[in-house]
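Colleague: I've got a new model open and I'd like to learn how you back up the words you use for it. Can we go through some of them together?

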Amino acid sequence: RYTPNQNAQRFFKSYNKSRNALIYLKKLLTTNFQEINYLESILIAIQEANNLNDLDEITEELQKEGYLKSKSTPKKSTVKSKPRKFMSSDGWEILVGKNNRQNDWLTLKLASKNDLWLHTQKIPGTHVIIRLPGDLKSDAKIPTATLEEAAGLAAYYSKAQNSTKVPVDYTLRSNVRKPKGAKPGMVIYDNFRTILVEPQSPNILGLVSSAEDA
């Protein structure tokens, strides 16, 4: 029914339509994956909340992001609670965020560029910071035990809490940045290394029991 030229045009149109649909679906899959990770991070924060103040911060975040309706205009983001604080066996301070808004504040505002930042690899979880003691130089080597303990805490306060051999990425805070328009707690990073840890080890569980607010 069609000339060779008409057939060529029809097939080219069909090809373009399929290609555009594939590009759209790939973008949609990426967006949905990010959405799932974000909501799972919210679930983790709820499960680990210690008091009503922690839950109020999560509620305010969900209202601001449009997941919950609010009778009043959402207030400007402010961090009310403080991150969890731990002391490593070497005497180094480790800070662990309690929710996404606090993760942003902890990483982007409180931590210095030479502090070490940790997060479970491709697993929803919290931000962890190993603070560099003020009397040490920026190139000071972090003790192995402190690194392992901080990574264990990152794994414990994540979706992989009950798993074994959890991969945790770590890098200098200066290598962490927040993309424009990203949801609370969502960051990107580079120049990282990875360590495998067990979040349910006796050492990590002992640290968890000693948590206090920073």
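Predicted model: local features only at pLDDT ≥ 70, side-chain atom pairs only at ≥ 80, totals over all residues.

Colleague: Why is Lys165 called exposed?

Modeller: Its relative accessible area is 54%. Exposed means over 50%, so Lys165 counts as exposed.

Colleague: And what is the phi of Lys165?

Modeller: Phi is near 55° there, a positive value in a residue other than glycine. Most residues other than glycine have a negative phi.

Colleague: Now Lys98. Why is Lys98 called buried?

Modeller: Lys98 has a relative accessible area of 6%. Buried means under 20%, so Lys98 is buried. Lys98 is in the loop between strand E2 (93-96) and H3. Leaving aside neighbours within four places in sequence, Lys98 is in contact with several residues, including Ala45, Asn50, Asp54, Thr126 and Asp213.

Colleague: How do you know that the side chain of Lys98 makes a polar contact with the side chain of Asp213?

Modeller: The distance between these side chains is 2.8 Å. A polar contact needs a pair of N or O atoms within 3.5 Å, one able to donate a hydrogen and the other to accept it, so the pair of Lys98 and Asp213 qualifies.

Colleague: Which residues touch the most other members of the largest nonpolar core?

Modeller: Among its 27 residues, they are Ile94, Leu118, Ile130, Leu153 and Val168. H4 gives the largest share of this core, seven residues. Leaving aside neighbours within four places in sequence, Leu153 is in contact with Phe86, Ile94, Val96, Ile204, Leu207 and Val208.

Colleague: Last one: what lines the largest pocket?

Modeller: There are 28 lining residues, and Phe33, Gln34, Asn37, Met186 and Val187 lie nearest the centre of the pocket. H1 gives the most to the lining, with seven residues. The lining divides into eleven nonpolar, 13 polar and four charged residues, and the pocket has a volume of about 680 Å³.

Note on methods: Residues numbered from 1 in each chain as written. Heavy atoms only, no water. 1 Å grid on protein atoms, 1.4 Å probe; cavity = no way out; pocket = protein on both sides within 12 Å on 5 of 7 lines; lining within 4 Å. Points joined across faces, edges and corners; volume = space filled by probe spheres on them. Helix = DSSP H or I, 4+ residues; strand = E, 2+ residues; numbered from the N terminus. Nonpolar A, V, L, I, M, F, W, Y, C, P; charged D, E, K, R; others polar. Buried < 20%, exposed > 50% of the residue type's maximum accessible area, 1.4 Å probe, protein only. Contact = heavy atoms within 4.5 Å. Core = buried A, V, L, I, M, F, W, Y, C linked by side-chain atoms within 4.5 Å.
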